[in-house]
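Colleague: Please take one part of this model and go through it closely. I would like the surroundings described residue by residue, with the cut-offs stated.

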Amino acid sequence: MPEHERDERTGRSAAAARIAQQASWVDLQVRQAMERGDFDDLPGQGKPIEDLGAEHDPDWWVKKLVERENIALLPPAIALRKEDAELDDRLDAITVEREVRRELEDFNKRVVETRRQLQGGPPVITPTRDVDAEVEAWTRRRTTRIEAQRAARAAAEPAPRTRSGWWRRRAR
């Protein structure tokens, strides 16, 4: 097949003819979809488009993303306070002491780095954590949790049945 086919009647290339017919082809596809009812019962039908008349905001997509994904954008000092409050729960989810130490060292490093930055906003009042003391507290919490789980499991198990069947009576 030749690379540049030409229409014998018009002398134009076949690609140019297809491009010229593309708009009518798209219109035909939309019309057929409407006849089939593909556009019936779409969400938002009959309602105005949200934010259509609002002023243009170049960051509209970021704001929609933050709203949709429920992302919290906090100043570093506040984010560290929140992370500090949730740190024990996050550590309790870890099962290896080495990972707990790594997590604590990473937290302390970020606290020190945030203190050094001269950005505006609230002051950084979050203290660093003593890694050894925190690992010891994590170990105590973990041991307590494991013992509680064992006790709950033991309480949930049925007591062993004593067999006083016919064979014991017969042995007497």
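Modeller: Tryptophan 138 touches Leu91, Asp92, Ile94, Thr95, Val96, Glu97 and Val100, leaving out residues up to four places away in sequence; contact here means heavy atoms within 4.5 Å. This is a predicted model, in which local features need pLDDT of at least 70 and side-chain atom pairs count only at pLDDT 80 or more, while totals for chains, interfaces and linings use all residues. Residues are numbered from 1 along each chain as its sequence is written, and side-chain values use heavy atoms, with hydrogens and water left out.

Trp138 belongs to the largest nonpolar core, which has eleven residues. A nonpolar core is a set of buried Ala, Val, Leu, Ile, Met, Phe, Trp, Tyr and Cys residues joined through side-chain atoms within 4.5 Å. Buried is under 20% relative accessible area, exposed is over 50%, and partly exposed lies in between, with a 1.4 Å probe and protein chains only. The elements giving two or more residues to this core are α3, α4 and α5, and α4 gives the most, with four residues. Helices are DSSP runs of H or I with at least four residues, numbered from the N terminus. In soluble globular proteins, nonpolar side chains tend to be buried together.

Helix α4 covers residues 97-116, 20 residues in length. From first C-alpha to last, α4 reaches 29 Å, close to the 28 Å expected at 1.5 Å a residue; the expected span is 1.5 Å times one less than the number of residues. The buried residues of α4 are Val100, Glu103, Leu104, Phe107, Asn108, Val111 and Thr114. They cover an arc of only 130 degrees around the axis, so they are on the same side of α4; the arc is taken from the directions from the helix axis to the C-beta atoms. Arg98, Lys109 and Arg116 are exposed on the other side of α4. The cover over the buried residues of α4 includes α3 (76-92) and α5 (131-156).

Arginine 129 lies in the loop between α4 and α5. Arginine 129 is buried, with a relative accessible area of 13%. Neighbours within four places in sequence aside, Arg129 is in contact with Asp84, Leu87, Asp88, Leu104, Phe107, Asn108 and Glu134. The side chains of Arg129 and Asp84 are joined by a polar contact of 2.7 Å. A polar contact is a pair of N or O atoms within 3.5 Å; within protein, one must be able to donate a hydrogen and the other to accept it, and residues adjacent in sequence count only if both atoms are side-chain atoms.
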